[in-house]
Amino acid sequence: MIYKVISKPEFISFIDAIVKANNAYGPRQVDTGRRGEPIYQFMPVTSAGEIAFDYTATHSSAKHLFLPFRDELSKFSFTDGNWEQEVRYDAPPIVLIGLRPCDINAVNILDDVMLRGPYPSPYYLARRRNTFIIGMDHLPLADCFCKSMNRHTVNHGFNLFCSDIGDRYYLSINSANAFGFLKEFRLEEPSYEDNCNLIERRKMIKHSFTTNIEVTGLPVFLDIEFDSPIWQKWGDKCLSCGSCAMVCPTCYCYSVEERFDIDLKGSTRQNHLYSCNLVDFAQVAGGHNFRPKNGDRLKYRYYHHYRGFAANDNQQICVGCNRCGRACLAGINPKDVINDLRLERESCMTCVSTSPDRT
Amino acid sequence: MNHLGFELQPLKIASFDFTCCEGCQLQLANRESTLPEFLALVDIRNFREISSERHDDYDIALVEGSITRSDEIERLKTIRARAKMLVAFGTCACFGGVNSLKNRMPQEAVIREVYDGKAIETMPSMRIGDIVEVDYGIPGCPVSKEEVERIVVSLVSRSPVTLPTYPVCVECKQRLNTCLFDLGEICLGPVTRAGCDAVCPTGNTACLGCRGPAEEINFPAFAQLVRDKELSMADMREKLAFYNGFGDYLEEET
């Protein structure tokens, strides 16, 4: 890693140049909400002026730029009783600007799942390798809980990371490419004061979190609570609409579909991102549904996020961005569900008169 | 047509309209880019918007519209008797559609308003399934030609015919739309069957549920959502009643 500082006007020139020379995505205000609050999304940008550098959080994550909501896996063409398969890993290079540390951590988690498992995904790899990531730090929102998940800082997975230290950005340069681009711009070596400002900035971010979730020992806790009535209680609220999974930066579950072309001379195999909350997620051939109840489906989403599945080394895949909590129309959010679960067990503990090892 | 070693036959299709705007049938003649391939998959036996030929032997009957007159009932029964498969085609056929708005008023008042009191026979709007057995429903106001193409290909290739089971929210989120509830509107996306690619919310217009309920919707949670957002329950009921697809839930709610 190489550290430099850049003045804000010079940084804007750098971003403007890189955006104009590439297909770029960055946070843009797309709407104004009911209470006058700006609504942001990662959208295509063609100049630095279109980027909302002081954005709060995007409603949807940038996941779809690595895992498109619908993606063609292969094409088949039929000829005289035979068939041919064509697979392409097309991924034009893109620049992705403004990812938060939690978002970059999410991409790192997707790397683990998509590239380090038994079946690495060449589709994901092509996109991931061709994406230039510029991260930016921010002060947490009232409901951000990435610190609880230990995902509020990030030290890899980006090309360039920018910390806001007042009138300049403190740059962590993490790729030869990034260094090459930046050489054209006026950079300075960080001064003693810049270093102090960076430490101060980090401290301030760390101490600005107001939402904390106790996740210590949560995997074991979840195993114990498999049959808890809490799941149905929250499941009863769930609309099974899949919004949480769509906006989530790490929900990667998908469904595969094969479709004939209308001329019947070929077909395509597509995957599309699905959600474990959708009613037929666990439905199998013959029609049996392993998880017909909302509560069971909701539970498995929480298990995947906070307990981890064996397929990704039992890693918790939630990064604490709370996009699911904000998107959920039914008011279901990780903080309340996990606290509810813990509360239930704790109140149950108080009923136990003596613990066996005390007698 | 030989397809992967199977001999496939074009579907002998007939299309009929009842009380409706014929907009769904018109969709069949749309999407010109794939029209020749689409027409190669079907043998049109009776379809007044495409051909002047009339034949009474068909396997699949697409029925558009709701039923509002007694002669329509007889005609529908004849079609049912001739068809091996009857498809309720479009929202009016599946649920009664916009026509059902008149069911809320006395029929005399409706006749007076629309026909200036002429002697017109009309009954409350009924869905096709109220009269005859329906094998498949393809909802939508109008139907999506793309979905119809997919279903026709499935039928020709003898693959299972499916509709999305999940609500519109999935497709809406995939288009990165701002949730209309966040903009202070009631949208039926969370309870309506997807498959339209969230076309209305993408155009900043609330979903009115033309595709009917998604599978196993959580209606109490939806009503709770409207209450929690302090939006109007009357507005919610109005929207749910618009295409008549949510009648069962409305009764449950009141």
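Modeller: The expected span of a helix is 1.5 Å times one less than its number of residues, and helices here are DSSP runs (H or I, at least four residues; strands are E, at least two) numbered from the N terminus. This is a predicted model, in which local features need pLDDT of at least 70, side-chain atom pairs count only at pLDDT 80 or more, and totals for chains, interfaces and linings use all residues. Residues are numbered from 1 along each chain as its sequence is written, while chains are lettered from A and ligands numbered from 1 in the order in which they are written.

Colleague: What makes H9(A) largely enclosed by the rest of the structure?

Modeller: A residue is buried if 20 or more other C-beta atoms, placed from the backbone, lie within 10 Å of its own; 11 of the 14 residues of H9(A) are buried, so H9(A) is largely enclosed. Among them are A:Leu298, A:Tyr302 and A:Arg307.

Colleague: How many residues does the contact take from chain A and from chain B?

Modeller: With contact meaning C-beta atoms, placed from the backbone, within 7 Å, 32 residues come from chain A and 32 residues from chain B. On the side of chain A that touches chain B, the largest share, three residues, comes from H8(A).

How values were computed
Two residues are in contact if their C-beta atoms, placed from the backbone, lie within 7 Å. A residue is buried if 20 or more other C-beta atoms lie within 10 Å of its own, exposed if 12 or fewer, and partly exposed in between; C-beta atoms are placed from the backbone.
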